[in-house]
Amino acid sequence: GIAIELNVFDSADNMTAIDEGVLENNDVILGPVSSDDLTRLLAICPADKMLISPLEPKAQALADSLNLIQAPSPWTCQYTEIADWISSELRFNESVLLIKDEEGLGEQAECLIASLDSVKVKYLIVSNLSEESFPKGSKTKCVIASDRDEFISSAIRTLNTIVSTGDRSITLYGTSKTRNAATDIKGLHNLDTHFTASYFIDYDYPEVKDFILKYRALFNNEPGSFAFQGYDTMHYFLNAALTYGRQWHKKLPEYNRKGLQADFEFQEDTTRTGNVNSAARRIHLNKDLSTFVH
């Protein structure tokens, strides 16, 4: 239902065809993809325009000092969100167990601990789950501090063994890394897993079903993750431009929206020239094998 005049440039071949006039005469500028191409285009970007980075995670740093909007939320937002989630659900009779990798902490594990500390969640650190006591009737929230998939997978298997041997309640919290490292999705359901993700498609969502049907009709094919991401990104920024006019990029903190695969949430940040999406989805894997997206 949106009227669009679309100009497409192949950034692999036609970057030289894009000049300041092209940027000035378009309301929404999506891409290019790579950080190098974005940097070259930002050098000629008019002061009142913003370039949208649609894919490249490394482009986030450009938003600090240049006219760039980072559409994909960085992985750090998943850890901020999971810490907030634990804090909001923690009850007085529950404890938080942080399972720490003895081989050392990587960048993501350190981010997890820093996020928990920032919201003042108190936790007990353990390295060997087999030596930890889980009294019957206890309720424990667990997080795994490791960047190694094999350690995360092993910890999940051990937690499942503990849950299956008696009256113990364990809820696992993590990010998409936790989910991807698991070798048994049923084991995650068994642990009542709560995880956050920058991208997640709920195929039971009516709008997702409608999109798939329309995509099949148009292209005689199934939409992949890039189709969902492309649609979400275009839909969000085009509607922001339609809603707020030429200065739409200044209004993004007022324009939080949910997409089919990803969400968009921009904070007011006077320390940056550009802006970075900070949204992360909350996904709950229930014990009955159902999945709920918050």
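User: What volume does the second largest pocket have?

Analyst: The second largest pocket has a volume of about 490 Å³. This is a predicted model, in which local features need pLDDT of at least 70 and side-chain atom pairs pLDDT 80 or more, while totals for chains, interfaces and linings use all residues. Residues are numbered from 1 along each chain as its sequence is written, and side-chain values use heavy atoms, without hydrogens and water.

User: Why is a space called a pocket, and what does its volume stand for?

Analyst: On a 1 Å grid over the protein atoms alone, a pocket is an open set of points with protein on both sides within 12 Å along at least five of seven lines. Points are joined across faces, edges and corners, and the volume is the space filled by probe spheres set on them; the probe is 1.4 Å. For the largest pocket that space is about 1000 Å³.

User: What makes a residue part of the lining, and which lie nearest the centre of the second largest pocket?

Analyst: A lining residue has an atom within 4 Å of a point. By this criterion 20 residues line the second largest pocket, and Phe211, Tyr231, Asp232, His235 and Leu260 lie nearest its centre. Helix 8 (206–219) gives the largest share, seven residues.

User: Which element gives the largest share of the lining of the largest pocket?

Analyst: Helix 9 (225–244) does, with eight residues of the 35 in that lining. A helix here is a DSSP run of H or I with at least four residues.

Conventions
Helix = DSSP H or I, 4+ residues; strand = E, 2+ residues; numbered from the N terminus.
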